[in-house]
Amino acid sequence: MSDKVLVCGSVAFDTITVFEGHFKDHILADHIKSLSVSFFVPSMRKEYGGCAGNIAYSLRLLGGNPLPVATVGSDAADYLDYMKAQGIDTRWVRVLDDMYTPQCFITTDKDNNQIASFHPGAMLRSSENAFLRDEGVSWGIVAPDAKEGMFAHARRMREQGIPFVFDLGQAMPLFNGEDLNEMLSLAHIVTANDYEAGIISERTGRSMQDIARSLQAVVVTRGAQGTTLYEGGQTVDIGPVPAKQVVDPTGCGDAHRAGVLYGLTHGWSLVDSCRLANVMGSFKIGSRGPQNHKPSLAEVDAALQENYGIRFA
C-alpha cells in the first residue's frame, strides 16, 4: 500500500501575543457601543499553523508521506521552505502572488481570555487548486478550509476513487444539515471531537452510530477521556494516553488525525490507528504551538507499548 496522503486544508500563520493584564479592566460594558481599546503586548510569537500544515507536520514526524493541498500567498516562502526541509512534498501548495497567506491574530490576557481575528487570504480561492490524479495516493483528508474548497476537494477525491477522511473542525459554522449530509455521502471516515459530533448529529438528525453504518467508520475524540470508534456496527472506547504535561491544546486534533492517517496507509486496524492517534495527541499537548512537538519514533513506540501493548514498527 502506498503511504501518500492528500492533506487538503488550510496552511496559515498564527501570530500570538500576550497582554499582561486583564481585558475586563479595559473593556467596559457601559462603553461597549463606542469601543476603542489598545493593548500593549510585549510578548509575541509567530507559529506555522493551519490544519493541513499541522496534519502534514505530524504525519511526517511518523515517517508518513503527506502531500498538502492548499493555497497560500506571496508571503509564504519561509513556510514552504520549512515544509521542504522536513521532506514534505509541496507540489500541491499553490502560491497566489496577489494575496496573503491565511493568518490568525490572537491576543491572550492573564486570565487566558482571547481576542482573535482571522484573515482568510488565499484560502478563499482554495477551490481553484485542482490536484491531478496521482496513482500513488492511497488516502486523503478534507480538513477545515473555505467551504467551497472543502467540497471541491471532496468531489475530486471521490471522482478519482481516493478514500478520504472528513474533518469538520473549525469549519463547523459553515455547514448546515444539507451540506453535512452531502459531505457524508462522499467521505469514507468522519473524524470529530465530542462537541462537533453533537453538532453533526443535531444538524443531520442522525446519531454517530447511524452515520457510521453508511461509512467505513466514525472517530470521535473526547479529550482526556480518549476516543470512541464506531465501526462495523460496533462501538469501541479506546482509553486515553495520559499527557506528561499539559501546555497547549492547539493542534491536538490535527496531531490525532495524523495518527489515524498513518495507520490507514500502513495497513493497521482502525482501533490501532486510533491508539497511535491518541499517542500523538498526548505528545502535542505537551508543547506550545501546533508544530513544536518532536517525539522520536522510539518514544512513540514506547508510548504505544506502555499504554496499549502494541509496537509502532
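Student: Why is R275 called partly exposed?
Tutor: The relative accessible area of R275 is 23%. Buried means under 20%, exposed means over 50%, and partly exposed is what lies in between (1.4 Å probe, protein chains only). R275 is therefore partly exposed. This is a predicted model, in which local features need pLDDT of at least 70 and side-chain atom pairs count only at pLDDT 80 or more, while totals for chains, interfaces and linings use all residues. Residues are numbered from 1 along each chain as its sequence is written, and side-chain values use heavy atoms, leaving out hydrogens and water.

Student: What makes the pair R275 and D272 a salt bridge?
Tutor: A salt bridge requires a side-chain nitrogen of Lys or Arg within 4 Å of a carboxyl oxygen of Asp or Glu. In R275 and D272 the closest N and O atoms are 2.7 Å apart, and the pair counts as a salt bridge. Both residues lie in helix α8 (residues 270-284), 3 residues apart, about one turn of the helix. Helices are DSSP runs of H or I with at least four residues, strands are runs of E with at least two, and both are numbered from the N terminus. An α-helix has 3.6 residues a turn, so residues three or four places apart point the same way.

Student: How many salt bridges does this rule give?
Tutor: The count comes to 13. Among them is R213 with D210, at 3.7 Å from N to O. These two residues share helix α6 (residues 208-213) and are 3 residues apart. R213 has 62% relative accessibility and therefore counts as exposed, whereas D210, at 30%, is partly exposed.

Student: What is the N to O distance for E128 and R125?
Tutor: The distance is 3.3 Å, and the side chains of E128 and R125 meet in a salt bridge. E128 is partly exposed at 40%, and R125 is partly exposed at 24%.

Student: Why is α4 called roughly perpendicular to α5?
Tutor: The axes of α4 (residues 177-186) and α5 (residues 194-204) come within 8 Å and cross at roughly 105°. Axes are lines fitted to C-alpha atoms, for helices over the stretch in contact, and angles run from 0 to 180 degrees between N-to-C directions. Under 35 degrees is roughly parallel, over 145 roughly antiparallel, 65 to 115 roughly perpendicular, and the rest oblique. The two helices are therefore roughly perpendicular.

Student: Which residues make that contact?
Tutor: With contact meaning heavy atoms within 4.5 Å, the residues are G177, L180, N181 and L184 of α4 and I200, R203 and T204 of α5.

Student: What follows α1?
Tutor: G63 follows α1, and its phi is positive, near 95°.
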